[in-house]
Amino acid sequence: MMVVIKLYLIAPEKYFEGVMRVLKKEIKNTNTIFVTTNKPYGHLINTFKKHGIPHNKTFFIDCISKYVGEKIEQEPENCLFVEGPQNLTAIGIAINESVKHLPGKKTMFLDSLSTLLIYHDSNTLSKFSNFFINKMRVLDIDTIVLALESDINKEAIKLIQSLADEVKKYGG
Amino acid sequence: MAVDITTTIIGIFSIIGSVVASYLSYIIYKYNRLAKAWLAVTAAFVLIIFRRGLGFVTEFGFLPEARSTLKFIEGILLLVISVLYIWGFWSMKKNFEKFEVVEKRAKEKIELFIRSKRSKANYRK
């Protein structure tokens, strides 16, 4: 089966609801790597449970908990904590190592490109996105990238639109 | 005189080399923005240009009355350049250590995750 790269553009006022819908729709019975840049792991897990989204096959890369100074006493086995969303190289390494060592068919979620745009200029993020998407394509990993619809005119989002196989809007 | 011309040519080329090195150093910073402290290395390259310029002035005796002052300024510049290099490269070393930690941790975590999934599956059986 061909690998599919999807970009979901979600209306800011319906972002949370939109993300939940996307997850319910897109999380399949395969190993999933979920990169979060805007919600800490603990909060995400509770949300997944609350909305009945299966997460037993999901490995999280949390780029926000450490950054906001959350104390992680006992690290969960299904989550890797990265220093912060400002460190794209570390995020890239974490993604690369995770996809390399996680066996079987995989799906990648990136939530969200809009948060990364807070920490990086459009040019830097475009380079990262180009690398990230093409890497996933080469490794045959279905990828779902989430972004705010209000960022549609930013260069990095425009680039992702051109690289993605499908662009979907939610709540706009 | 021949020595002077050779020295001048070498000096000019070394200044051009330092300008190119400063530019490349800044491009490297812009490309990956690994650490703000990398700019210290760029600044060190820029100071090298000034240092070379001062070297010219003293070597050719343009300001003979200020020779000792210029020598002193050159010494200070060399010291600042060394400090900037240490600062920049130290922060880069720290960064690379961090990346290595992330790489190792990611591998360990994935292995742990796979083991935990397997043991949960076995438990259900």
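**Note on chain B of the predicted model**

1. In helix H2(B), the residues B:Trp38, B:Ala40, B:Val41, B:Thr42, B:Ala44, B:Phe45, B:Ile48 and B:Arg51 are buried (20 or more other C-beta atoms within 10 Å of a residue's own, with C-beta atoms placed from the backbone). Helices are DSSP runs of H or I with at least four residues, strands are runs of E with at least two, and both are numbered from the N terminus.

2. This is a predicted model, in which local features need pLDDT of at least 70, side-chain atom pairs count only at pLDDT 80 or more, and totals for chains, interfaces and linings use all residues. Residues are numbered from 1 along each chain as its sequence is written, while chains are lettered from A and ligands numbered from 1 in the order in which they are written.

3. H2 of chain B covers residues 38-59. Its 22 residues reach 32 Å from first to last C-alpha, close to the expected 32 Å (1.5 Å times one less than the number of residues). After H2(B) comes B:Gly61, with a positive phi near 60 degrees.

4. Chain B has three helices and zero strands, in the order α-α-α from the N terminus. Its C-alpha trace spans about 90 × 25 × 20 Å along the principal axes. Of the 125 residues in chain B, 14% are buried.

5. The contact between the chains takes 15 residues from chain A and 16 from chain B (C-beta atoms, placed from the backbone, within 7 Å). Helix H3 (residues 67-124) gives the most to the chain B side, with 13 residues.

Methods
Buried ≥ 20, exposed ≤ 12 C-beta atoms within 10 Å, placed from the backbone. Contact = placed C-beta atoms within 7 Å.
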